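Let's take a friendly walk through this structure, one neighbourhood at a time. Keep the sequence and the 3D view open as you read.

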Amino acid sequence: MTTPDDATLRDDGLAPPRDVGRVLLIACGALAREILAVKESRGWEHMALACLPAILHNTPDKIVPAVRAAVAKHKASYDKIFVVYADCGTGGQLKAACDEMGVEMVEGPHCYSFYEGNAAFAAREEVTSFFLTDFLCRQFDAFVVKPLGLDRHPELRDMYFGNYEKLVYQAQIRDSALEDKAKACADYLGLAYEYRFTGYGDLEISLAAQA
């Protein structure tokens with residue numbers, strides 16, 4: 001499967017291929033590249049991928065209805081469905097919905113946690129850190145700058161980020177251009193910078209358990 005560009009994954013998501021696979025992964029569009037990379041490296045041709053628009057993360061109340069609709073649409077066509085979302089700001093509602101629908105989902109509060117490894121992330125207790133993944137680094141303007149109005153009102157930066165101390169870039173792949181951009185994002189927000197190569201963390205472990 002060819003990975004769509006980030007703008008498509010952000011606004012439209014990704015439809016599953018027709019009549020391909022026995023297991024359907026219903027995921028956030030922000031995870032598409034990573035899931036496809038893991039699928040290819042492991043040879044999991046029996047797994048198909050559908051992605052909801054990544055921009056739903058800016059309105060978490062819309063995630064649960066969107067996942068419900070996707071499961072209802074595709075459940076009859078696959079032997080198994082696995083929801084590749086963490087809680088993602090739904091306050092436990094997504095887990096409750098998945099339990100009700102009889103489907104499993106990724107464990108963890110958000111993707112920053114499962115990329116780091118849920119246990120390791122919890123142990124750090126980094127309440128004053130702001131996180132970027134590869135996708136969010138590439139889409140920084142769409143997910144941070146514009147939604148917060150910083151492009152129009154840069155004076156709001158310290159109001160939003162005054163309680164943060166550093167920006168942590170969790171890199172899934174090694175890419176010097178992305179690292180340079182992440183440093184620029186940290187400078188833009190007035191935060192210290194830390195780079196961590198996480199790879200795919202618990203995401204790959206969770207997918208392997210379903211495969």
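Predicted model: local features only at pLDDT ≥ 70, side-chain atom pairs only at ≥ 80, totals over all residues.

## Aromatic pairs

Y188 counts as partly exposed, because its relative accessibility is 35%; buried means under 20% relative accessible area, exposed means over 50%, and partly exposed is in between, with a 1.4 Å probe and protein chains only. Residues are numbered from 1 along each chain as its sequence is written, and side-chain values use heavy atoms, with hydrogens and water left out.

How many aromatic pairs are there? The count comes to nine, where rings of Phe, Tyr and Trp (its six-membered ring) pair if their centres lie within 6.5 Å, and planes under 30 degrees apart count as stacked, over 60 as edge-to-face and the rest as tilted. F140 and Y188 make one of them, edge-to-face, with 6.0 Å from centre to centre and 90° between the planes. This pair links distant parts of the chain, 48 residues apart: F140 sits in helix 8 (residues 140-145) and Y188 in helix 10 (residues 176-189). Helices (H or I, at least four residues) and strands (E, at least two) are DSSP runs, numbered from the N terminus.

Y169 is buried, with a relative accessible area of 1%, whereas Y195 is partly exposed at 26%.

Ring pairs also join Y112, F121 and F131 into a cluster. Elsewhere, R174 lies over the face of F197, at 3.8 Å from the ring centre; a charge sits over a ring if NZ of Lys or CZ of Arg is within 6 Å of the ring centre and within 35 degrees of the ring normal.

## Helix 2 against helix 11

Two packed helices are described by the angle between their axes and the distance between the axes. For helix 2 (residues 32-42) and helix 11 (residues 201-210), the axes come within 11 Å and cross at roughly 55°. That makes helix 2 oblique to helix 11. Axes are lines fitted to C-alpha atoms, for helices over the stretch in contact, with angles from 0 to 180 degrees between N-to-C directions. Angles under 35 degrees count as roughly parallel, over 145 as roughly antiparallel, 65 to 115 as roughly perpendicular and the rest as oblique.

The crossing of helix 2 and helix 11 is right-handed; a crossing is left-handed if the near helix is turned anticlockwise from the far one by less than a right angle, and right-handed if clockwise. Which residues of helix 2 meet helix 11? They are E34, I35, V38 and R42, and they meet L203, E204, L207 and A208, where contact means heavy atoms within 4.5 Å. The buried residues of helix 2 are A32, E34, I35, L36, V38 and K39. Just after helix 2, G43 has a positive phi of about 70°.

## Helix 3 against helix 4

The axes of helix 3 (residues 63-74) and helix 4 come within 9 Å and cross at roughly 20°. That makes helix 3 roughly parallel to helix 4. The contact is made by I63, V64, V67, R68 and V71 of helix 3 and by Q93, L94, A97, E100 and M101 of helix 4. E100 is exposed, with a relative accessible area of 59%.

## Two positive phi values

Most residues other than glycine have a negative phi, and most peptide bonds are trans. C88 has a positive phi, near 55°, and is found in the loop between strand 3 (80-84) and helix 4 (93-101). E125 also has a positive phi, near 50°, in the loop between helix 6 (118-124) and strand 5 (129-132). Are they buried or exposed? C88 is buried at 11% relative accessible area, while E125 is exposed at 65%.

## Around A27

A27 is in strand 1 (residues 23-28) and is buried, with a relative accessible area of 0%. Leaving out residues up to four places away in sequence, A27 touches I35, L49, A50, C51, L52, V84 and Y85. The C-alpha atoms of A27 and V83 are separated by 5.9 Å, although the two residues are 56 residues apart along the chain.
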